[in-house]
Amino acid sequence: DRGGGAVVGGEMDEDDADVDDGGDDVIVNPTRVRRTMERTMRMTRVLCDGIDRGGGGHARGTTNHQWFALEEIMHEVNANAVDGTVIERQLSLLNFLPTGCDGIDDVLGGGLRQGQVTEITGPSACGKTQVCLSAAASAAALGHRVVYVDTTGGFSGSRIRDFHRGFVTEDADKQEVAEHLKQTLNLIAIHRVHDVFTLLNLLSQLGEEASEDDNNPEHATMGLLVIDSLSSLLSPLLTKAHHQGYTIMATVAAMLRGLATTRKTAVLYTNHTVSTGQDAAADDQGGNLKPALGTRWTSVPHRRLRLSKIPGTGWNSASVIYGVSAKPVKYRVGRNNIHSDS
């Protein structure tokens, strides 16, 4: 259902799809929200290095007024940590959506930035799809509409429910949790796409729908677009047999960046890895692997997050290899969360 209030994978009853959005508090774990805000404050302090607090000077385009405005936002969220409306509004002001993993959010400089394109690359079984599912659940739990494009059959409604359990407090009322889960699921629209031309049509439609949503304050606009996996659609076209392959790839790139920029949507997609042709075995950072979409695609994402397995430990590693860099973090996928060692 590409209209408003689409249901995840058609897994819910019709009665469940008709959920009243207004008035109920979102039962989000206040500790998680405060940590998200504190990460943003830390990043802002880095940007404000060298600022003269007394003289009202500028540092990399950040003013004292903006700094104190962020402090006021932090205080308001702390004072209203269980009010879902306040949480959603404040995170939107900061233009970040959480992935559901604190460590990965730190590596990305605060989370998924709305208005930008983020790529996840890495070998199989390193958690790419799990991060996508966690990010979708996180965004929808905060009231954002999520469009999830599944090209490989990896989407799982049960995993969305699992991650949702990890977001709520242990002592939350069960009925309220159930109602909030319904609202969360109703905000995720799942599209199963198996060829690039269907994807192009969908992206075009999303651009048109976004313009209509802007004039409808009662309908949540698209906050997050997930494509898992984009490379499975594009990489088969990048051969000599497909003369228009790179032209199609450039068209997809332009549409993704256009949606992100003009609609202030966070775009997240996965790009699998292929061998570089070297004989040496891959190290824990994927030393003999490269993203499947090749060098012509390198400048498309604003950030490229590389996930890799750490052999013999049960942990994975996440690091930024394109965009603002940060210290790599270890993480592992649990039953209802993605836990980081940070």
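Student: A125, is that one buried or exposed?
Tutor: Exposed, with a relative accessible area of 68%. Bear in mind that this is a predicted model.

Student: Where does A125 sit?
Tutor: A125 lies in the loop between β3 and α6 (128-141).

Student: And what about its backbone, what is phi of A125?
Tutor: Phi of A125 is near 65°, which is a positive value in a residue other than glycine. K264 also has a positive phi without being a glycine, near 55°.

Student: Where is K264, then?
Tutor: In the loop between α11 (245-263) and β7. K264 counts as exposed because its relative accessibility is 54% and the cut-off is over 50%.

Student: Which peptide bond is cis?
Tutor: The one joining D228 and S229, with omega about 10°. S229 is in the loop between β6 (222-228) and α10 (231-234).

Student: Which residues point which way from β3?
Tutor: V117, E119 and T121 point one way, while T118, I120 and G122 point the other way. Both sets are buried. As background, side chains in a regular strand alternate between the two faces of the sheet.

Student: Which strand stands opposite E119?
Tutor: That's β7, where E119 faces Y269. β7 spans residues 266-275, and its pairing with β3 is parallel over 6 bridges.

Student: And which residue in β9 is the bridge partner of I120?
Tutor: L305 in β9 is the partner of I120. Strand β9 (residues 303-310) pairs with β3 in the parallel sense as well, over 4 bridges.

Student: Switching to helices. At what angle do α6 and α7 pack?
Tutor: About 60°, with their axes 9 Å apart. Helix α7 is residues 157-167. Angles from 65 to 115 degrees would count as roughly perpendicular and those under 35 as roughly parallel, so α6 and α7 come out oblique to each other.

Student: Which hand is the crossing of α6 and α7, left or right?
Tutor: The crossing of α6 and α7 is right-handed.

Student: Which residues meet there?
Tutor: From α6 you have Q130, L133, S134, A136, A137, S138 and A141. On the α7 side they meet R159, I160, F163 and F167.

Student: How do α7 and α8 pack?
Tutor: Their angle is about 130°, and the axes are 11 Å apart. That makes α7 oblique to α8. The crossing of α7 past α8 is right-handed. I160, R161 and H164 of α7 make the contact with V177, H180, L181, T184 and L185 of α8.

Student: What about N186, where is that?
Tutor: N186 is found in helix α8, which runs over residues 174-186.

Student: Buried or exposed, N186?
Tutor: N186 is buried, since its relative accessible area is 7% and the cut-off for that is under 20%.

Student: Where is T313 found?
Tutor: T313 is in the loop between β9 and β10 (315-322). With 40% relative accessibility, T313 counts as partly exposed. The C-alpha atoms of T313 and R332 are separated by 10.0 Å, and those two residues are 19 apart along the chain.

Student: Last topic, confidence. What is the mean pLDDT of the protein chain?
Tutor: The mean is 77, and 65% of the residues reach 70 or more.

Student: Where is confidence lowest and where is it highest?
Tutor: Lowest in helix α1 (residues 14-17), at a mean of 36, and highest in strand β4 (residues 145-150), at 97. Residues 1-7 have a pLDDT below 50, and beyond near neighbours in sequence that stretch has 20 contacts in the model. Residues 43-63 also have a pLDDT below 50, and that stretch has 30 contacts beyond near neighbours in sequence.

Terms used
Residues numbered from 1 in each chain as written. Predicted model: local features only at pLDDT ≥ 70, side-chain atom pairs only at ≥ 80, totals over all residues. Heavy atoms only, no water. Helix = DSSP H or I, 4+ residues; strand = E, 2+ residues; numbered from the N terminus. Buried < 20%, exposed > 50% of the residue type's maximum accessible area, 1.4 Å probe, protein only. Pairing = 2+ DSSP bridges. pLDDT = per-residue confidence, 0-100. Contact = heavy atoms within 4.5 Å. Axes fitted to C-alpha atoms, helices over the stretch in contact; angles between N-to-C directions. Parallel < 35°, antiparallel > 145°, perpendicular 65-115°, else oblique. Left-handed = near helix turned anticlockwise from the far one by under 90°.
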